[in-house]
Number of protein chains: 2
Amino acid sequence: MKAYVYVSLKKSVLDPQGKTIHGALTKIGFKGLHDVRQGKYFEITLNGGITKDEAQSEVERIAREVLTNPVIEEYRFSLEDQ
Amino acid sequence: MKAYVYVSLKKSVLDPQGKTIHGALTKIGFKGLHDVRQGKYFEITLNGGITKDEAQSEVERIAREVLTNPVIEEYRFSLEDQ
């Protein structure tokens with residue numbers, strides 16, 4: 001089973017990296033962009049023999065306790081059977 | 001309209017950052033992980049008044065030409081109406 005975890009800065013937190021990418025894209029000719037924000041993305045492959053519910057809670061814990069800084073970041077994740 | 005671009009290392013490319021996260025997670029007690037890979041994730045908000053087809057080709061170009069290093073990385077993206 002595979003889990004995809006997406007960690008991004010909270011909406012209320014400034015994202016200078018995203019702003020820089022936005023500025024660069026506009027400068028080289030990509031018009032029509034309103035905003036760019038950058039985040040992190042983790043692809044976790046779980047061992048077989050784990051149920052979907054177990055995977056759900058395990059990945060939730062990993063995302064919440066390890067991959068995300070709760071002060072400035074938020075996460076979402078999805079599971080995919082293989 | 002929003003575009004989500006996911007950039008990850010090609011399967012054939014070693015991912016030391018992912019390996020480190022995998023090692024750390026195992027060490028602090030998360031068993032049952034087979035592999036962890038890390039990538040980047042971009043959330044692009046497009047200005048209104050752009051058609052889905054235009055957005056598709058614009059975002060495809062941004063992902064291919066700017067956000068991805070084609071030698072070692074691959075990308076996928078999705079669009080979302082708002």
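Me: Before I look at any charged pairs, what counts as a salt bridge here, and how many does the structure hold over all chains?

Reply: A salt bridge is a side-chain nitrogen of Lys or Arg within 4 Å of a carboxyl oxygen of Asp or Glu. In this model, which is predicted, there are 16 salt bridges over all chains.

Me: Which parts of chain A does the salt bridge between A:Asp35 and A:Lys19 tie together?

Reply: The two side chains meet with N and O 3.5 Å apart. Because A:Asp35 belongs to strand E2 (residues 33–46) of chain A and A:Lys19 to helix H1 (residues 16–27) of chain A, the pair ties together parts that are 16 residues apart in sequence. For burial, the cut-off is under 20% relative accessible area; A:Asp35, at 17%, therefore counts as buried, whereas A:Lys19, at 48%, counts as partly exposed.

Me: Which residues of chain A are linked in a network of salt bridges?

Reply: The network consists of A:Glu60, A:Arg61, A:Arg64 and A:Glu65. One of its pairs is A:Glu65 with A:Arg64, whose closest N and O atoms are 3.5 Å apart; A:Glu65 is partly exposed at 45% relative accessibility, and A:Arg64 is partly exposed with a relative accessible area of 40%.

Me: Turning to chain B, how far apart in the chain are B:Lys40 and B:Glu73?

Reply: Their side chains meet in a salt bridge (3.5 Å, N to O), and the pair links distant parts of the chain, since B:Lys40 sits in strand E2 of chain B and B:Glu73 in strand E3 of chain B, 33 residues apart. B:Lys40 is partly exposed at 29% relative accessibility, while B:Glu73, with a relative accessible area of 13%, is buried.

Me: Is strand E1 of chain B largely enclosed or open, and what pairs with it?

Reply: All 8 of the 8 residues of strand E1 (residues 2–9) of chain B are buried, so this strand is largely enclosed by the rest of the structure. Burial holds on both faces, with B:Lys2, B:Tyr4, B:Tyr6 and B:Ser8 on one side and B:Ala3, B:Val5, B:Val7 and B:Leu9 on the other. E1(B) runs antiparallel to strand E2 (residues 33–46) of chain B, joined by 7 bridges, and antiparallel to strand E3 (residues 73–80) of chain B, joined by 8 bridges. B:Tyr4 illustrates both pairings, as this residue stands opposite B:Glu43 in E2(B) and opposite B:Ser78 in E3(B).

Me: How are the two copies of the chain related?

Reply: Two copies of a chain are related by a rotation about an axis and a shift along it. Here chain B can be laid on chain A with an RMSD of 0.0 Å by a turn of 180 degrees and a shift of 0.0 Å along the axis, and the copies are thus related as by a two-fold rotation axis. In chain B, the C-alpha nearest that axis belongs to B:Lys40, at 2.4 Å.

Me: Through which surface do the copies meet, and which residues of chain B lose the most area?

Reply: Since 100% of the interface residues of chain B are also interface residues in chain A, the copies meet through the same surface, with 34 residues taken from chain B and 34 residues from chain A. The area buried between them is about 2,900 Å², of which carbon and sulfur atoms give 58%. In chain B, the most area is lost by B:Phe30, B:Tyr41 and B:Glu43, together 21% of what that side buries.

Me: How many salt bridges and polar pairs lie between the chains?

Reply: Between chain B and chain A there are 2 salt bridges and 12 residue pairs in polar contact. A:Lys11 forms a salt bridge with B:Glu43, the closest N and O atoms being 3.7 Å apart. The largest share of the side of chain B that touches chain A, 14 residues, comes from E2(B).

Methods. Residues numbered from 1 in each chain as written. Chains lettered and ligands numbered in written order. Predicted model: local features only at pLDDT ≥ 70, side-chain atom pairs only at ≥ 80, totals over all residues. Heavy atoms only, no water. Buried < 20%, exposed > 50% of the residue type's maximum accessible area, 1.4 Å probe, protein only. Helix = DSSP H or I, 4+ residues; strand = E, 2+ residues; numbered from the N terminus. Pairing = 2+ DSSP bridges. Least-squares fit on C-alpha atoms with pLDDT ≥ 70 in both. Contact = heavy atoms within 4.5 Å. Buried area = accessible area lost by both parts, 1.4 Å probe. Polar contact = N/O pair within 3.5 Å; in protein donor to acceptor, adjacent residues only side chain to side chain.
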